[in-house]
Amino acid sequence: MNHPDENPDLAQTAGPDSAASTPAAAVPATHAGTAEAPRTAGGVNPRRAVPVLLFLFIFCLVIDQGFKFTSQPMAEALSLSESTVSLQATLTGVLIGIGAVVYSALADSVAIRKLLYLSIGLIVVGSVIGFVGSASFGVVLVGRVVQTAGLAAAETLYVVYVTKHFQGVELKKYLGFSNMSFQLASLIGTLVSGFLATYVSWTWMFLIPLLIVLSLPFIKTRVPDDVEHTSSGVDVYGLFLVGVIATGLIMFMQDFTWWWWIPVVVATVLFVHHVRTNSRALVDASFFTNRPYISALVIVFIIYSVNLAFVFLFPFAIHGVHGMAMDKVSLLTIPGYVLGASTAAMSGAVSKRLDSKQAVTLALCLLALALAVAGVFINVSVVAMVIAMAMFSVGFGLLYAPLMSSALLLMPAAKSGVAVGFYNLVINVASPIGVAYTAMLMSAKPTWFGALSVGGSAEGDYFSTILWFLVGITLVGLVAYRVLFGLIERNNAKAAARLTAQQ
């Protein structure tokens, strides 16, 4: 229940990017912040395009979130295990992360209007494939992959566009719209998919995206067709290797087929070699000798795997333990999304009260406590699950900005755009991996920690076990943060001063 651009201050350098492209934030704005209105290269007021791009941003997030919440009815309708049905959320999650990097880089050499046309074409084709072949999970998965290749563009290009054409207070305003819109879209997607699954059919989630064609006339008349041609290309090879690593890990978790480790290991070795020997690689080799940055990536990979894991598990747990219909389950997420949005909006005020180390520690403790509350009371109270989800959302709303700040303690400003892009890519890879291992556990139905829950039921005991497993992972992340950044504090006075600064 988190979005990579939650902090407007940090988001000025954010936006997934490739080392071979000019970071979006580094592109000079035209007259932004002055009395004269900004203009695109073609002389058009860039503000005209913002409502259209923001609508597409929200619409595509609604679809993406809706399909994540559709996993339970999809599994029931197609007689799929939890681990199998999770592929439509995990593989597409990786694709969103990789697609964000690709489209961010392409936007420096291809007009955003043309990329949106491509995006809409992929969304329509993928949605038709998924709906027509909805009786076959294989066809559904193909449809979702094609559809998501388009969704990734619209979700990325809004942020790219505003960072290219605005700066200062105006940029913060438009990035603030994306923060709030993410939470709003997540809530709408959850509610829409829940009600469709209950009263119509989950397959209708493939028809809703077709409405995006209605935006074509507005894209043509409002989104400029100019481009500054500042990019020298996309690191396709590096992104391919990242995709192989993530996909191999996800497929391994489907049934523990050990040979999936072969492509993972080979791709990892090739990626390390590629980064060390290619000046146009996805990231600079120096990033991996920057101790705060690499430490933060380790923690991000651990903690953000828990993010979507709980979101994925939530509808299965409520439906399985309490027999609640999906429309009612979707309503239970409202407090969480509202509080998550509020926390993200207050990140600036929080930073004046807590330094990065304190904020990250508090956020991780909240996440662990939320999951523990769910693990203890899952059998006896839906209210406790709602409270747990709300605490969980607040925790992640609080986490992003200070953890990002910790990562960039010693990062040169000139490299911050690419650093943030790769950081967000790791988030987008870790999240679906969390769904994969959670789905695997749901299929295995372990009851190791069932005794730690109040009350008892067969369904509740194994969901409680998975929740306590997630608590353990969160605590590992907390310990890793305190140990790794404690060592950095002791060995680097500059990093220590910045880590404990309230700003």
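So, Ser431: at 7% relative accessibility it counts as buried, because the cut-off for buried is under 20%. Keep in mind that we're looking at a predicted model here.

Where does Ser431 sit? It's in helix α18, which covers residues 416-444. And what does Ser431 touch, once you leave aside its neighbours within four places in sequence? Tyr304, Ser305 and Leu308. With Tyr304 there's a polar pairing to look at: a polar atom of the Ser431 side chain lies 3.3 Å from the backbone oxygen of Tyr304.

Okay, zooming out to the protein chain. We've got 20 helices and zero strands. There are 503 residues, and 59% of them are buried, so Ser431, at 7%, is in that buried group. The accessible surface comes to about 18400 Å², and carbon and sulfur atoms account for 69% of that. Now take the contacts between residues at least 6 apart in sequence: 82% of those join residues at least 24 apart.

Last stop, a helix pair. In general, you describe two packed helices by the angle between their axes and the distance between the axes. For helix α2, residues 50-69, and helix α3, residues 71-78, the axes come within 5 Å and cross at roughly 50°. Which residues make the contact? On the α2 side it's Phe67, Lys68 and Phe69, and on the α3 side it's Ser71, Gln72, Pro73 and Met74. Sorted by class, that contact has four nonpolar residues, two polar ones and one charged.

Conventions. Residues numbered from 1 in each chain as written. Predicted model: local features only at pLDDT ≥ 70, side-chain atom pairs only at ≥ 80, totals over all residues. Heavy atoms only, no water. Axes fitted to C-alpha atoms, helices over the stretch in contact; angles between N-to-C directions. Helix = DSSP H or I, 4+ residues; strand = E, 2+ residues; numbered from the N terminus. Contact = heavy atoms within 4.5 Å. Nonpolar A, V, L, I, M, F, W, Y, C, P; charged D, E, K, R; others polar. Buried < 20%, exposed > 50% of the residue type's maximum accessible area, 1.4 Å probe, protein only. Areas by Shrake-Rupley, 256 points an atom, 1.4 Å probe, with all protein chains shown as cover. Polar contact = N/O pair within 3.5 Å; in protein donor to acceptor, adjacent residues only side chain to side chain.
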